[in-house]
Amino acid sequence: MRYKTITTEVDVDVDMGDFETEDLVEELERRGGEHRLTFDDTEVLTKIWMHDREGRKDEAYALMREYVLEKLGKVI
């Protein structure tokens, strides 16, 4: 008996709001992709900047250390 292979493509409308961000990131990493959550970056960097601007240097530095550890996996 001879078999034939048939490939079918289907377009599906999906609401991305139905998915959790963590699930999407995990799937992307599983497939070997990289991700950058820039909205998180902007929020943290703004906090660091505000603390520094307000003279709260110790708090700014602590946030920066956490940020670098999270993003680069390195301790400063």
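Is valine 44 buried, exposed or partly exposed? Valine 44 is partly exposed, because its relative accessible area is 27% (buried means under 20%, exposed over 50%, partly exposed in between, with a 1.4 Å probe and protein chains only). Keep in mind that this is a predicted model, where local features need pLDDT of at least 70, side-chain atom pairs count only at pLDDT 80 or more, and totals for chains, interfaces and linings use all residues. Residues are numbered from 1 along each chain as its sequence is written, and side-chain values use heavy atoms, with hydrogens and water left out.

**Helix H2**
- Valine 44 sits in helix H2 (helices are DSSP runs of H or I with at least four residues, numbered from the N terminus).
- From valine 44 to alanine 60 it's 16 residues in sequence and 9.9 Å in space, C-alpha to C-alpha.
- Isoleucine 48 is also part of helix H2, which covers residues 38-53.
- Isoleucine 48 counts as buried because its relative accessibility is 13%.
- Beyond its neighbours within four places in sequence, isoleucine 48 is in contact (heavy atoms within 4.5 Å) with Ala60, Leu63, Met64 and Tyr67.
- Between isoleucine 48 and aspartate 18 there are 32 Å in space, C-alpha to C-alpha, and they are 30 residues apart in sequence.

- Glutamate 26 belongs to helix H1, residues 21-30.
- With 51% relative accessibility, glutamate 26 counts as exposed.

Definitions and conventions
Helices (H or I, at least four residues) and strands (E, at least two) are DSSP runs, numbered from the N terminus.
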